[in-house]
Amino acid sequence: MKKEIIRCIERVHNRFRPFIRVSSFILFNSLSISGFCQSLNGTVIDSSSHQALSGAIVYFPQLKLSGTSDNRGTYKISPLPEGSYEVEVVLLGYASQNRQIAIKGEAILNFSLSATTSSIKEVVITALGNVTSTRRSPVPVTVITHDRMEQQSSTNVIDAIANQPGLSEITEGPGISKPEINGLGYNRVLTLFDGERQEDFQWGDEHGILIDPYAVYDAEVIRGPASLQYGANAVAGVVSFKSESFPESGGIAGSVLTEYQTNNGMIGNSVDIGGNQDGYVWNFRMSQEEAHCYWDPKDGYVWGTAYNQQNARLSLGTIKKWGYSRLSFSALHRQIEVPDGNRDSATGKFEFDAPQNATYATNGTLISGQVYPNRSNFLSYYSDISQDQILDHYAAWWQNSINSGKGQVQADIGFTMSVRSEIDTGRIPAETIRVHDIPYSLKYQINGDSSGLKFTTGLNGMYEFENSSTEPAAPYIGNWEIPDYSLIDIGGYGIIQKDYKKFTLSGGLRYDLRDITGQAMYLQNYNTPEQQQVSAATTGSYTLFNGFNNVYTGLSASLGAAWQLPQNNYVKINIAKSYRAPSIQELNSNAMNGGENAFILGNTNLKAEQGYQVDVTYGNNGKDVSLEVGAFCNYISNFIFQERISGKNGGDSVMPWENKNYPVLTYLSSNAVISGVAASFNIHPSDTKWIEIDNGFTYIYSYIPHSTDSTNHVPLTPAPRLTSEVKFKLGHKQNSVLRNTYIEVGLAKYWAQNNIYSELYTELPSLAYTLYDAGIGTNFVNPKTNRVICSFYVNVTNLTNIAYIDHLSHVQYFRAYNDGTPAVVTQYGQGIFNMGRNIGFKVVFPIGGHKISEAEKVIGEY
């Protein structure tokens with residue numbers, strides 16, 4: 001069956017090969033400069049036995065191009081552009097290597113790899129401006145490898161990386177997550193996909209990152225200020241997701257993936273296929289996910305947590321002597337229910353917002369109708385009775401690199417449109433927001449030569465504009481969270497890095513400008529079915545938004561160094577000045593926010609945040625143990641956060657909305673100090689190759705100076721966390737069908753978080769808890785050809801099925817009653833709990849190549 005699929009794909013590829021080449025020529029004819037073929041070839045061997053190693057991946061991160069060594073250990077990658085590039089070689093069971101190579105004509109580069117059982121790799125990173133390695137980067141960097149991404153079960157793309165040291169996630173149910181780095185999230189963390197920024201409602205709570213998790217091959221996380229490279233939205237760091245590289249010339253590669261998770265019935269499928277014909281590259285992926293409501297031990301099934309998502313992506317490109325050019329398209333559709341915690345005030349059972357199929361007496365009394373969700377409602381994959389959000393994200397981006405002198409001129413431009421429709425009941429959206437972004441980047445980069453000097457300078461930014469829908473027809477009532485607005489971001493920067501044999505020095509400067517304009521809006525008959533937009537001169541009109549125009553400027557700077565010390569020790573230090581301008585929601589909200597279950601008010605008087613951070617890191621990459629400990633301290637002036645507003649008679653202020661009462665929050669600013677430690681400790685005994693123990697620790701402490709006991713901590717500071725995972729790698733015979741088999745068990749210990757912003761119940765303390773997990777995985781291999789037939793994984797999260805609430809879970813504050821009873825959550829456990837036990841099954845069928853590596857054969861002998 002699999003052979004037939006591969007033959008079919010090859011026939012399609014051969015049939016459409018002329019079309020691919022012609023279409024690529026049409027797309028890139030303005031850049032198609034003829035030239036001789038550039039290539040890199042060489043061998044990969046074991047440093048001890050000097051035997052050839054097959055299955056080693058030789059990868060050019062800047063070109064997104066890779067090749068694989070054959071049974072003789074040889075590889076060849078062509079065509080390649082001229083220039084100086086970082087090359088990375090990765091092979092399971094061996095320490096990775098990074099080398100710099102000058103490509104001109106036919107280049108030769110041989111690798112000699114040392115065996116190791118550690119899963120921690122030294123890799124090339126591209127998200128810091130100058131291309132460098134994790135060891136030489138002064139800023140702490142976390143790399144999430146493809147193996148780790150593939151082997152685990154997660155509910156979304158952020159959930160897949162959130163347990164790494166220094167990282168956490170702000171959640172709103174299993175389908176919605178936003179990243180936090182060093183205790184900071186939202187617009188302080190910039191998310192990239194293949195180098196392009198994701199600006200899909202980053203300012204909001206109730207929508208996650210709109211990236212297909214199956215399209216992510218691996219990820220880099222910059223755990224520290226990256227304003228120098230990216231501007232206003234990277235004061236905490238950067239999450240850089242990457243798709244799979246293009247195969248070597250003449251190759252076809254891809255995969256078919258399917259998975260199922262038991263708790264919420266999540267079904268996921270994805271098909272990916274890509275090729276390379278003489279430097280004309282292409283890739284296509286389609287994915288689909290759907291899930292019903294999740295279950296927790298306290299509430300049972302949680303109403304309003306189903307979701308489904310579809311995504312299609314296409315990339316076309318050309319790689320030639322002069323450089324490369326790539327054009328990519330993506331269309332993603334997500335429909336997700338957002339829980340509001342609506343319950344019966346007497347029994348605590350989940351209720352519909354409005355009875356279904358209801359009949360009423362003339363006095364408005366309910367005669368008949370379904371008040372509570374039943375089992376079929378909870379298990380429906382396409383339920384649209386609950387509050388829904390329909391999110392569409394369309395993107396196109398063009399990335400180019402042209403050789404110029406000793407470096408490359410890189411020019412990128414994109415266009416994205418993010419559409420969000422919010423439906424409370426019925427089928428008509430109460431709110432539709434359309435955000436359009438045109439991100440751009442122009443830079444000149446010298447990647448280094450024998451002098452070890454690397455330099456990047458350029459400018460980047462974006463133009464963004466938003467428009468909302470008109471008032472829906474009665475009886476529906478429109479809701480506008482933010483005004484129509486436009487903004488222009490532009491920043492210029494320069495980054496220089498000097499690599500010595502055992503020492504790296506890096507630094508740079510940047511200056512940013514943001515001009516943001518919000519439009520005024522006036523409503524007649526506010527918050528009634530007769531509500532309509534009117535002009536400012538209309539008698540009795542309600543001012544929903546005042547118009548404004550704010551301009552922000554900021555300076556960013558960085559200076560850092562990394563030392564490679566004797567006996568595999570290393571030390572890093574980095575000092576950075578960062579800058580962030582306020583988002584539109586912080587400046588001019590005035591509406592009910594379903595994601596926060598609260599009424600949000602903006603503040604146009606907010607100033608830009610200015611951050612000053614110091615990072616210090618010590619590490620050791622030993623034969624049997626790898627250790628890294630990083631500490632940071634970040635002082636932020638004008639730090640922006642939410643606080644609940646007190647009522648006229650004291651206590652919490654509430655706003656009536658659709659027969660319910662919701663708390664009112666506004667934005668204010670103060671100085672803040674955030675410090676912490678992130679550490680990893682990996683044990684991989686060289687003489688005991690069948691076991692690996694991986695540990696991580698995160699501790700963040702926040703402080704607001706000159707404040708009261710109830711207001712002296714930054715909201716949403718994550719609880720201290722310790723993770724530990726033990727992986728047992730099982731042996732196999734040389735001709736075994738099962739290869740690379742493992743069993744793993746782990747835990748995540750969360751301490752109580754009592755350092756909170758408790759005034760007016762803005763934030764509640766959380767309790768301590770421990771989550772256990774377990775997993776198994778293996779490759780099914782054809783012993784005659786050594787080709788992987790499929791990979792199979794089983795993972796169990798929350799193994800003991802405890803009832804718990806994560807401190808960064810927004811749904812713990814979600815409680816509402818149809819009878820208008822005030823429902824402010826004042827105690828732990830009054831809101832919604834996190835997911836119970838979940839068992840995930842995943843099968844991946846590779847297409848093309850994928851021979852079992854020599855390392856897997858060696859590991860099997862132990």
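My entries follow, and they are about a predicted model.

I started with an open sheet of three strands, in the order 12-13-14, with antiparallel pairing. Which strands stand at the edges? They are strand 12 (167-171) and strand 14 (184-185), and each has a single partner strand, so one side of each is left without a neighbour in the sheet. I then looked at how strand 12 meets strand 13 (residues 177-181): five bridges join them, and they run antiparallel. For one of the residues I wrote down the partner too: Ile170 has Lys178 in strand 13 as its bridge partner. A reminder to myself: strands of a sheet pair through backbone hydrogen bonds, either parallel or antiparallel.

Next I went to Gln38, which sits in the loop between helix 1 (2-28) and strand 1 (39-46). Is Gln38 buried or exposed? Its relative accessible area is 2%, so I put Gln38 down as buried. The Gln38 side chain reaches the backbone nitrogen of Gly105 at 2.5 Å. Leaving out residues up to four places away in sequence, Gln38 touches a list of residues that includes Ser78, Pro79, Ile103, Gly105 and Lys321.

Two names on that list made me stop, Ser78 and Pro79. A cis peptide bond joins Ser78 and Pro79, with omega at about -10 degrees. Pro79 itself is in the loop between strand 4 (74-77) and strand 5 (83-90).

**Entry: two asparagines with positive phi**

I looked up Asn357 and found a positive phi of about 55 degrees, although Asn357 is not a glycine. Asn357 lies in strand 27 (residues 356-360). With a relative accessible area of 73%, Asn357 is exposed.

Asn525 is not a glycine either, and its phi is positive at about 60 degrees. I found Asn525 in the loop between strand 35 (521-524) and strand 36 (532-534). Asn525 is partly exposed, at a relative accessible area of 37%.

**Entry: salt bridges**

How many salt bridges does the structure hold? I noted 20. Side chains of opposite charge can pair when their charged atoms come close.

I began with Asp694 and Arg148, whose side chains meet in a salt bridge (3.4 Å, N to O). Asp694 lies in strand 46 (residues 691-703) and Arg148 in helix 2 (residues 146-151), so this pair ties together parts that are 546 residues apart in sequence. Arg148 counts as partly exposed, at 26% relative accessibility.

Then I took Glu220 and Lys242, which meet in a salt bridge at 2.4 Å, N to O. This pair links distant parts of the chain, with Glu220 in strand 17 (residues 218-222) and Lys242 in strand 18 (residues 237-242), 22 residues apart. Both Glu220 and Lys242 are buried.

Glu586 forms a salt bridge with Arg580, where the closest N and O atoms are 3.1 Å apart. I checked burial here as well: Glu586 is buried, and so is Arg580. I also jotted down a network of salt bridges that links Glu86, Arg136, Lys454 and Asp499.

I followed up on Val551, which is found in strand 38 (residues 548-564). Val551 has 47% relative accessibility, so I wrote it down as partly exposed.

How values were computed. Residues are numbered from 1 along each chain as its sequence is written. This is a predicted model: local features need pLDDT of at least 70, side-chain atom pairs count only at pLDDT 80 or more; totals for chains, interfaces and linings use all residues. Side-chain values use heavy atoms; hydrogens and water are left out. Helices (H or I, at least four residues) and strands (E, at least two) are DSSP runs, numbered from the N terminus. Buried means under 20% relative accessible area, exposed over 50%, partly exposed in between (1.4 Å probe, protein chains only). Two strands pair if DSSP finds at least two bridges between them. A polar contact is a pair of N or O atoms within 3.5 Å; within protein, one must be able to donate a hydrogen and the other to accept it, and residues adjacent in sequence count only if both atoms are side-chain atoms. Contact means heavy atoms within 4.5 Å. A salt bridge is a side-chain nitrogen of Lys or Arg within 4 Å of a carboxyl oxygen of Asp or Glu.
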